[in-house]
Amino acid sequence: RSPIFWRVDENCNMAARVEKLILDLFDIEAVKFGDFTLKSGIQSPIYFDLRVIVSYPAIMNEVAELLWEATEASGSTFSTVCGVPYTALPLATLMSAHHNVPMLIRRKEAKDYGTKKMIEGKFEQGSKCLIVEDVVTSGSSVKETAEALESVGLVITDAVVLMDREQGGKQKLKEAGISLQCICGTSQLLQILRKHDKIPESVAEQVRDFIRNNSFLPRDEALPVIKKAKKSLSYGERSDLCQHPVAKQLFSIMDRKKTNLAVSADLCNTTQILQLADQVGPHICLLKTHVDILDDFSLEFVQSLTELANKHEFLIFEDRKFADIGSTVQRQYQRGLYQIVDWAHLVNAHALPGSGVLEGLKQVGQDKQRACLLIAEMSSKGNLATGEYTKATVKMAEEHKDFVVGFISQSQLSQDATLLHMTPGVQLQQSGDSLGQQYVTPREAVVSRKADIIIVGRGVYKDPDPASAAQKYQTAGFQAYQHRLST
């Protein structure tokens, strides 16, 4: 085996290697905590997205080697290996190449041309094949692969998996005559992450509770899964999960100040904005600006605004809506009259230009610990940010979490607990205006649509007493959030 592909510290024991691997998987977000819909339709507070490891060769090599060593330690014998399609295929490939064991490929669908085989590769009937998997929940994917291999005359007695969710899959496979070896179970994973303060105890307990109440019991395939009401994570718990400093800071402010209110300062005079910021500052987590509508913008203005943000503990969000090619938005962000990157914690962008818009912004914003929101949905009547466009925007955000921390949206679009959903067009009374703006109430936005932050403009800055108005929205928004947590 070539050392170019694999190298292991001989002094590093298995337990220490598994611990390091779990921390690495957490860091690359192959393990996520939040509210996720599994293949079975069950809502889970933990999700394993191990497809991402293909982008981290050292981690993928370590996983493959640990799988091999677990198999060797079990004493199982086999002539070939086969990865469950598709995430386990590269793992099986590395095991095959590093240890000179032939590999087979199971197709999910037969080709309608050529040999039309479901199993590709050379093998002898009656020989044993080892199944390789990334995650086991009920064991159904391993069983499906076993059935496909057995249909062409192979014998299946063993499987190896990186992560056992500990929901009964191992026992069900044993009933089917398949012995499952695993590198790590959910319980051990939670212990490791708690040991290193990667997740709060409340999150760990929520996962343990889910596992206890959602087991695929052996000997009774028809028994329904026990479903238990899921608990929403608090802003503080979500802050603990965040790795991006802006998202972590914002959730922390929301939790500490007991506010999910962002005020949109759609005013054309800097003196008015500074006055408004000072009045509403104690009640908000975020102040949204539109500097390109200001008649008297100056760098002295943003210095004063920054001082108010520090005084009242809120972040500044410049609603720039970048929507051009990467090189252009980069200049718009960094240069020109406004020099936005120097003072705005957050900006937003349309997904329309593709990922280049994020790459351009990221190149100047990341070193300054800035962040971006993607505009996935809008509150104006007849807007085109719907359907497939919205889905593509969510996918883009989840692929750029080193810079994107959430969405401007009208509903919860992602189950990732570290991504924020900010909903504009909020007023205490549901209404609309003559230009197509459609308003929803704080309760509708936070409880029904699961917004994390409500954005209010005219409802605050047009009120004769903006501070009092902001306090009312703060109370309404946070009470709606507390109701969501309790249900």
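Predicted model: local features only at pLDDT ≥ 70, side-chain atom pairs only at ≥ 80, totals over all residues.
Leaving out neighbours up to four places away in sequence, threonine 186 is in contact with Phe48, Asp164, Arg165, Glu166, Val207 and Ile211. Threonine 186 belongs to helix α6, which covers residues 186–195. Is this residue buried or exposed? Its relative accessibility is 2%, and the cut-off for buried is under 20%, so threonine 186 counts as buried.

Let me turn to a second residue, aspartate 240. Aspartate 240 lies in helix α8, residues 235–241. Its relative accessible area is 40%, and aspartate 240 is therefore classed as partly exposed. With residues up to four places away in sequence again set aside, aspartate 240 touches Lys198, Pro200 and Lys248. As for distance, 28 residues along the chain separate aspartate 240 from cysteine 268, and their C-alpha atoms are 38 Å apart.

My last topic is a pair of helices. Helix α10 comprises residues 270–280 and helix α17 comprises residues 466–486; their axes come within 8 Å of each other. At what angle do the two axes cross? The value is roughly 50 degrees, and α10 and α17 are therefore oblique to each other. The handedness of this crossing is right-handed.

Which residues form the contact? On the α10 side they are Leu276, Gln279 and Val280, and these meet Pro466, Ala467 and Ala470 of α17. By residue class, the contact of α10 with α17 comprises five nonpolar residues and one polar residue, with no charged residue.

Thank you for your attention.

Note on methods: Residues numbered from 1 in each chain as written. Heavy atoms only, no water. Axes fitted to C-alpha atoms, helices over the stretch in contact; angles between N-to-C directions. Helix = DSSP H or I, 4+ residues; strand = E, 2+ residues; numbered from the N terminus. Parallel < 35°, antiparallel > 145°, perpendicular 65-115°, else oblique. Left-handed = near helix turned anticlockwise from the far one by under 90°. Contact = heavy atoms within 4.5 Å. Nonpolar A, V, L, I, M, F, W, Y, C, P; charged D, E, K, R; others polar. Buried < 20%, exposed > 50% of the residue type's maximum accessible area, 1.4 Å probe, protein only.
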